[in-house]
Amino acid sequence: MRLRSALAAALGVGVLLITAPASAAAATGQFRYDYMTTEGYEASGFLISPPSGQCLNLPGVGEDNPQPAHSPKNRTDAWATVFTDTNCEGDSFPLRPRTGGASERLKVRSVVFN
């Protein structure tokens with residue numbers, strides 16, 4: 001009887017571990033980009049250990065700023081897909097993990113990490 005109870009308890013714990021929601025994953029490292037402020041100053045923006053699987057609009061280059069960001073640098077440990085428009089819309093371009101950066105010609109407004 002004790003063996004059956006122990007086995008049932010172990011099975012119950014196993015089921016809980018399998019069905020428990022996973023913790024939110026994050027890309028480790030930094031994602032950097034450059035942009036022109038609405039006042040006309042060159043600035044750098046960055047995301048530190050951004051969440052994975054979530055579309056992120058880049059701060060400073062939203063709909064209130066007509067100039068998109070440029071020169072994205074993916075220094076995280078995850079693949080990043082950058083988009084030409086906010087809300088991960090428009091043309092998309094993948095950036096490998098730990099890369100030096102993309103060209104200044106690549107204009108972006110949002111990103112998602114895989």
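Is Phe31 buried or exposed, and what is its relative accessibility? At 0% relative accessibility, Phe31 counts as buried, where buried means under 20% relative accessible area, exposed over 50% and partly exposed in between (1.4 Å probe, protein chains only). The views below show a predicted model, in which local features need pLDDT of at least 70 and side-chain atom pairs count only at pLDDT 80 or more, while totals for chains, interfaces and linings use all residues. Residues are numbered from 1 along each chain as its sequence is written, and side-chain values use heavy atoms, with hydrogens and water left out.

**View 1. The open sheet E2-E1-E4-E7.**
Four strands form this open sheet, in the order E2-E1-E4-E7 and with antiparallel pairing. Strands, like helices, are DSSP runs numbered from the N terminus (strands E, at least two residues; helices H or I, at least four), and two strands pair if DSSP finds at least two bridges between them. Strand E2 (42-48) and strand E7 (107-108) are the edge strands, each pairing on one side only. Strand E1 (residues 29-36) is joined to E2 by seven bridges; Phe31 stands opposite Leu47, and Tyr35 stands opposite Ala43. On pairing with strand E4 (residues 69-76), E1 forms five bridges, again in the antiparallel sense, and Gln30 has Arg75 of E4 as its bridge partner.

**View 2. The E1-E2 hairpin and Phe46.**
Five residues lie between E1 and E2 in this hairpin, and Gly40 in the turn has a positive phi of about 95°. Phe46 belongs to strand E2 and counts as partly exposed, at 44% relative accessibility. Phe46 is in contact (heavy atoms within 4.5 Å) with Gln30, Phe31, Arg32 and Tyr33, leaving aside neighbours within four places in sequence. The C-alpha atoms of Phe46 and Tyr33 are 6.3 Å apart, although the two residues are 13 residues apart in sequence.

**View 3. The open sheet E3-E8-E5-E6.**
A further open sheet has four strands in the order E3-E8-E5-E6, with antiparallel pairing. Strand E3 (56-57) and E6 stand at the edges with a single partner strand each, so one side of each is left without a neighbour in the sheet. Two bridges join E3 to E8, and Leu56 stands opposite Val111 in E8.

**View 4. The largest nonpolar core.**
A nonpolar core is a set of buried Ala, Val, Leu, Ile, Met, Phe, Trp, Tyr and Cys residues joined through side-chain atoms within 4.5 Å. The largest one has 18 residues, of which Phe31, Leu47, Leu58, Ala69, Val82, Val111 and Phe113 touch the most other members. Two or more residues come from each of E1, E2, strand E5 (80-83) and strand E8 (110-113), and E1 gives the most, with three residues. In soluble globular proteins, nonpolar side chains tend to be buried together.

What is the relative accessibility of Phe31, and does Phe31 count as buried or exposed? Phe31 counts as buried, at 0% relative accessibility; buried means under 20% relative accessible area, exposed over 50% and partly exposed in between (1.4 Å probe, protein chains only). The views show a predicted model, in which local features need pLDDT of at least 70 and side-chain atom pairs count only at pLDDT 80 or more, while totals for chains, interfaces and linings use all residues. Residues are numbered from 1 along each chain as its sequence is written, and side-chain values use heavy atoms, with hydrogens and water left out.

**View 1. The open sheet E2-E1-E4-E7.**
Four strands form this open sheet with antiparallel pairing. Strands and helices are DSSP runs numbered from the N terminus (strands E, at least two residues; helices H or I, at least four), and two strands pair if DSSP finds at least two bridges between them. Strand E2 (42-48) and strand E7 (107-108) are the edge strands, each pairing on one side only. Seven bridges join strand E1 (residues 29-36) to E2; across this pairing, Phe31 stands opposite Leu47 and Tyr35 stands opposite Ala43. E1 also pairs with strand E4 (residues 69-76) in the antiparallel sense, over five bridges, and Gln30 has Arg75 of E4 as its bridge partner.

**View 2. The E1-E2 hairpin and Phe46.**
Five residues lie between E1 and E2 in this hairpin, and Gly40 in the turn has a positive phi of about 95°. Phe46 lies in strand E2 and counts as partly exposed, at 44% relative accessibility. Contact means heavy atoms within 4.5 Å. Leaving aside neighbours within four places in sequence, Phe46 is in contact with Gln30, Phe31, Arg32 and Tyr33. Phe46 and Tyr33 are 13 residues apart in sequence, with 6.3 Å between their C-alpha atoms.

**View 3. The open sheet E3-E8-E5-E6.**
The pairing in this sheet of four strands is antiparallel. Strand E3 (56-57) and E6 stand at the edges with a single partner strand each, so one side of each is left without a neighbour in the sheet. Two bridges join E3 to E8, and Leu56 stands opposite Val111 in E8.

**View 4. The largest nonpolar core.**
A nonpolar core is a set of buried Ala, Val, Leu, Ile, Met, Phe, Trp, Tyr and Cys residues joined through side-chain atoms within 4.5 Å. Of the 18 residues in the largest core, those that touch the most other members are Phe31, Leu47, Leu58, Ala69, Val82, Val111 and Phe113. The elements that give two or more residues to this core are E1, E2, strand E5 (80-83) and strand E8 (110-113), and E1 gives the most, with three residues.

**View 5. The aromatic cluster around Phe31.**
Rings of Phe, Tyr and Trp (its six-membered ring) pair if their centres lie within 6.5 Å; planes under 30 degrees apart count as stacked, over 60 as edge-to-face and the rest as tilted. The count by this rule is three aromatic pairs. Phe31 and Tyr33 form a tilted pair, 6.3 Å centre to centre with 40° between the planes, and both residues are buried. Phe31 and Phe113 form an edge-to-face pair, 5.6 Å centre to centre with 85° between the planes. This pair links distant parts of the chain, with Phe31 in strand E1 and Phe113 in strand E8, 82 residues apart. Phe113 is buried, with a relative accessible area of 0%. Ring pairs link Phe31, Tyr33, Tyr35 and Phe113 into a cluster.

**View 6. The surroundings of Asn74.**
Asn74 is in strand E4 and counts as buried, at 0% relative accessibility. The side chain of Asn74 reaches the backbone oxygen of Leu95 at 3.2 Å. Leaving aside neighbours within four places in sequence, Asn74 is in contact with residues including Gln30, Phe31, Trp79, Leu95 and Phe113.

Technical notes: Polar contact = N/O pair within 3.5 Å; in protein donor to acceptor, adjacent residues only side chain to side chain.
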